[in-house]
Amino acid sequence: MNPAFSVPLPRAWAEIDLPAFERNVVKIKASLPAHVRYISVVKADGYGHGVAHIVERLLQCGIDSFAVANAREGSDVRYIAPQAEIAILGPTLPEEIPQALADNLTIAVSDADEIRTLARIAGTLNRRARVNIAVDTGMGRMGIWHEQAESVFSAVADSAELDWRGVFTHFSSADSSPEYTELQRARFLAAVKKIPQARRESLTIHADNSAGLETFSRERPFNAVRVGILQYGWKPAPGSLFEKISPEPVLSFRTRVGLVKNLPAGTPVSYNRTFTLEKDSRIAVLTAGYGDGIPTAASNRAEVLVRGRRVPVIGRVTMDQTLIGADALPEVSVGDAATFIGESEGSRISIEEFCSRSDCIPWEALVSITKRVPRIYRGLRIQ
Ligand SMILES: Cc1ncc(COP(=O)(O)O)c(C=O)c1O
């Protein structure tokens, strides 16, 4: 049993540092100009952190605007945040619309067909649907193509069943190409200019995510920003609006040593024998695998921290177990924690390092920690 916890540790767990999350949120909020709304992106179970605790903490920090991927996620957030503005970022299927309306979610629309369907269902249910118009400025995903946006603007504005709340676009390369981001921004601004000024002033207008570049350094109509990964402790782009913010890591991902054994030189380990012991060796079997969120790409590449010491993953990661070399750990014993992401006795493996050794990106690593891995919260406030 780890003295930090009053219950036995599980076989694998994600530790969520809520006070660190809160400090990130407070810093981000303080860095925004007063007229700019902080829309917290909490899709995919709050980027794998557990949406209920994440939304609770955001509400305590004064954040009242959320973005989710779909209606189902929106309904979960509505349960916790009865007064908040909750925007769906992806397409809403016709059969999801009644629940989305009942929960007062703001539905993103991209074309005339979606607008007609939404207005018809809202009319039948005697409700007004909250709507954000998505504009495609070069991502090729959600939204009306920017050159055709005007017709969608008028269709929403003219509908009695629709309550037009905002307009947004999404950048494809904000973390890698300032030039392309500027092109997308210019396209978006040209489209937004076609909205009559009085109407425009009533809308929430946003484009930037955590990597958005210098949006507010010039006189522009943006009045919100959609913040995802930055609040969870990773900064994707130096030189962004959030340049001065150094977020703190929030999530640690750990498992345990389940077995320690000695094997003779020449023994191949794990499936398909991709690693062979060169000498008589001590190895340890960890109690987590790709069924918990350790990518198979980490096979023979990742490192873990045990008792503050780095040791290599050897052989293929399997569904429930991962093997590590333990020659450098003479005192290792069953039950020891093994850290894939996070700190151990003064050493740290960052999420960047974990990703670079596992062929994935931080967003993906966080949301890939599976549901059999319990989330353990530090700094929980019991209400
Ligand atoms: C439309 C949209 N806006 C904002 C975000 C948040 O991005 P980030 O996590 O990089 O801040 C995402 C994330 O995938 C998104 O799809």
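This tour goes through a predicted model, with stops at a helix pair, a strand residue and the cysteines.

**Stop 1: helices α1 and α3**

Select residues 18-31 for helix α1 and residues 51-60 for helix α3.

Now show the side chains where the helices meet. From α1, pick Leu 18, Pro 19, Phe 21, Glu 22 and Val 25; from α3, pick His 53, Ile 54, Arg 57 and Leu 58. Sorted by class, this contact between α1 and α3 holds six nonpolar residues, one polar residue and two charged residues.

**Stop 2: Arg 130**

Move to strand β6, residues 129-136, and select Arg 130 within that strand. Is Arg 130 buried or exposed? Its relative accessibility is 18%, so Arg 130 counts as buried, the cut-off being under 20%.

Next, display the residues that Arg 130 touches, leaving aside those up to four places away in sequence. They are Arg 78, Ala 84, Glu 85, Asn 104, Leu 105, Thr 106, Ile 107, Asp 163 and Arg 165.

**Stop 3: the cysteines**

Select Cys 360, then Cys 355, which has the cysteine sulfur closest to that of Cys 360. The two sulfurs are 3.8 Å apart, too far for a bond, because a disulfide requires sulfur atoms within 2.5 Å. Cys 360 has 14% relative accessibility and so counts as buried.

Finish at Cys 61, which also counts as buried, at 11% relative accessibility. There are zero disulfides in the structure.

Conventions
Residues are numbered from 1 along each chain as its sequence is written. This is a predicted model: local features need pLDDT of at least 70, side-chain atom pairs count only at pLDDT 80 or more; totals for chains, interfaces and linings use all residues. Side-chain values use heavy atoms; hydrogens and water are left out. Axes are lines fitted to C-alpha atoms, for helices over the stretch in contact, and angles run from 0 to 180 degrees between N-to-C directions. Helices (H or I, at least four residues) and strands (E, at least two) are DSSP runs, numbered from the N terminus. Contact means heavy atoms within 4.5 Å. Ala, Val, Leu, Ile, Met, Phe, Trp, Tyr, Cys and Pro count as nonpolar, Asp, Glu, Lys and Arg as charged, and the others, Gly among them, as polar. Buried means under 20% relative accessible area, exposed over 50%, partly exposed in between (1.4 Å probe, protein chains only).
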